[in-house]
Amino acid sequence: QVQLVESGGGSVQAGGSLRLSCEVSGYTVNRGYVAWYRQGPATEREGVAVTSADGRTNYADSVKGRFTISRDNAKNTLYLTMNNLKPEDTGMYYCAAKAWRGYWAIDPMPGPTNLNYWGQGTQVTVSS
């Protein structure tokens with residue numbers, strides 16, 4: 001059974017930083033596709049960052065240069081480091097993984113229906 005548990009969300013002022021963590025069990029993060037998505041108060045769920053087992057990454061244009069996706073293979077944990085946060089980054093952040101392990105194009109950013117496993121989310125609130 002695959003489980004993803006996010007943590008690290010919180011409330012920060014604009015310009016601040018947060019690091020989200022996603023502890024994964026039942027799925028090896030360095031052998032597949034893992035990603036971060038977010039959903040704002042009045043927006044659909046959107047991809048933020050995705051990474052593949054072969055080292056490819058892709059980011060939403062709105063977060064490029066500010067967010068970094070990374071993995072700790074020993075801990076089987078996915079991270080999202082967020083710098084220079086903006087109020088429009090506010091939302092629930094979800095960790096997700098894909099069951100398919102073969103080649104998968106991750107550019108453009110995949111829609112959420114392409115991912116099979118999801119965590120419960122962690123809230124990020126950025127105030128101006």
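## Aromatic rings and a sheet

In this predicted model, the structure holds 4 aromatic pairs. Such a pair of rings is described by the distance of the centres and the angle of the planes, and two of the pairs are set out here.

| Pair | Centre to centre | Angle between planes | Arrangement |
|---|---|---|---|
| Y37 and W118 | 5.2 Å | 65 degrees | edge-to-face |
| Y94 and W118 | 6.3 Å | 80 degrees | edge-to-face |

Because Y37 belongs to strand β4 (residues 33-39) and W118 to strand β10 (residues 117-118), their pair ties together parts that are 81 residues apart in sequence. Through ring pairs, Y37, Y94 and W118 are linked into a cluster.

Over the face of Y94 lies R45, at 3.7 Å from the ring centre, while R19 lies over the face of Y79, at 4.2 Å from the ring centre.

Y79 leads on to the sheet, for this residue in β8 is the bridge partner of S70. Strands β7 and β8 (residues 77-82) pair in the antiparallel sense over 6 bridges, within an open sheet of 4 strands whose order is β1-β3-β8-β7. β1 (3-7) and β7 (67-72) each have a single partner strand, so one side of each is left without a neighbour in the sheet.

Technical notes:
Residues numbered from 1 in each chain as written. Predicted model: local features only at pLDDT ≥ 70, side-chain atom pairs only at ≥ 80, totals over all residues. Heavy atoms only, no water. Pairing = 2+ DSSP bridges. Helix = DSSP H or I, 4+ residues; strand = E, 2+ residues; numbered from the N terminus. Phe/Tyr/Trp six-rings, centres within 6.5 Å; stacked < 30°, edge-to-face > 60°. Lys NZ or Arg CZ within 6 Å of the ring centre and 35° of its normal.
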